[in-house]
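Me: I would like to learn how to read some features of a structure. Please take them one at a time.

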Amino acid sequence: MAFIGMVFGMVFIAIFLIIVVMMIAFLVTAFILKSVGKRQQRPRLRVVGNVLLVIGIVLAIPVVILFGNIIYNSMYEEITMPDGNSVYVSEKDIDKMKELMSMGDEGVNELAKLLDEEPDLIYYLDVNKKGILEYGLENGKYELVEVAIKHGARFDDPNRYEHMAYEHNSMDFYLSNIIGRELTSEDIEILTLMFNSSVSMDYDNAHQGVYSNLFGKAVWSILYNDEYVITLDELPEWR
């Protein structure tokens with residue numbers, strides 16, 4: 001399929017280049033003929049020039065549309081809303097949002113103001129299907145999670161988790177990320193908010209055979225964060 005896609009892409013580029021060359025040739029020839037016809041008072045050359053000019057303009061239409069689309073897409077990005085409709089937001093606003101997220105607690109207030117001004121930004125997901133909510137869950141930043149929820153982000157968002165091969169809901173994703181980092185009081189606040197929001201506790205054991213259920217994953221996630229976990233070999237002998 002990838003090879004076929006490459007072939008179609010190359011064919012499209014070749015056709016597009018041919019159209020561009022023909023457009024330039026027709027327009028240049030048209031202006032030359034019209035100029036010569038005007039200077040030499042030869043109406044036929046001017047008529048032929050007008051015909052070529054019309055053909056050149058017709059060929060220019062798809063070129064202008066394509067370049068316009070490229071320029072527009074470089075300035076705006078499409079976002080899928082919860083209802084399935086699409087909106088476009090400025091790349092500049094997306095970059096600002098990412099910068100504020102990376103600042104942690106220091107950027108939360110400015111981020112909230114930005115979301116008040118551009119509410120559609122809350123539904124932005126990057127190439128990894130992560131938005132503000134997922135960034136907060138991933139890094140244990142309660143204020144980011146809270147701001148995201150207050151501005152319309154949803155736990156267990158189908159737009160994200162229908163595309164995920166491993167984590168299948170917000171709790172599953174969150175537990176996967178607290179393994180290997182230190183737990184903080186913010187994690188307790190995040191968990192409280194998640195439970196108050198009735199997050200899904202479903203677990204797809206068919207694809208994740210390490211744990212018997214999501215609660216088992218939660219137990220291991222907590223134990224793994226301890227500085228020292230006792231093993232069976234280290235248990236004292238009962239006498």
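Me: Leaving aside its neighbours within four places in sequence, which residues is Asp-187 in contact with?

Reply: First, the ground rules. This is a predicted model, in which local features need pLDDT of at least 70 and side-chain atom pairs count only at pLDDT 80 or more, while totals for chains, interfaces and linings use all residues. Residues are numbered from 1 along each chain as its sequence is written, and side-chain values use heavy atoms, with hydrogens and water left out. Contact means heavy atoms within 4.5 Å. With neighbours within four places set aside, Asp-187 is in contact with Gly-140, Tyr-174, Ile-178, Arg-181 and Glu-182.

Me: Is Asp-187 buried or exposed?

Reply: Buried means under 20% relative accessible area, exposed over 50%, and partly exposed in between (1.4 Å probe, protein chains only). Asp-187 counts as buried because its relative accessibility is 1%.

Me: Where does Asp-187 lie, and which backbone nitrogen lies 2.9 Å from a polar atom of its side chain?

Reply: Helices are DSSP runs of H or I with at least four residues, numbered from the N terminus. Asp-187 belongs to helix α9, residues 185-196. The nitrogen is that of Thr-184.

Me: Why is helix α8 described as largely enclosed by the rest of the structure?

Reply: Helix α8 (residues 170-178) is described that way because eight of its nine residues are buried. Among them are Phe-173, Tyr-174 and Ile-178. At the start of α8, the backbone nitrogen of Met-171 has a side-chain oxygen of Asn-169 within 3.3 Å.

Me: What lies over the face of Phe-173?

Reply: A charge sits over a ring if NZ of Lys or CZ of Arg is within 6 Å of the ring centre and within 35 degrees of the ring normal. Here Arg-160 lies over the face of Phe-173, 4.4 Å from the ring centre.

Me: How many residues has the largest nonpolar core?

Reply: A nonpolar core is a set of buried Ala, Val, Leu, Ile, Met, Phe, Trp, Tyr and Cys residues joined through side-chain atoms within 4.5 Å. The largest has 36 residues, and those with the most contacts inside it include Leu-137, Tyr-174 and Met-194. The elements giving two or more residues to this core are α3 (91-102), α4 (108-117), α5 (132-139), α6 (142-150), α8 and α9.

Me: Which helices do the buried residues of α5 pack against?

Reply: They pack against α3, α4, α6, α7 (158-161), α8 and α9. Ile-132 and Leu-137 are among the buried residues of α5. Gly-140, which follows α5, has a positive phi near 65 degrees.

Notes
A polar contact is a pair of N or O atoms within 3.5 Å; within protein, one must be able to donate a hydrogen and the other to accept it, and residues adjacent in sequence count only if both atoms are side-chain atoms.
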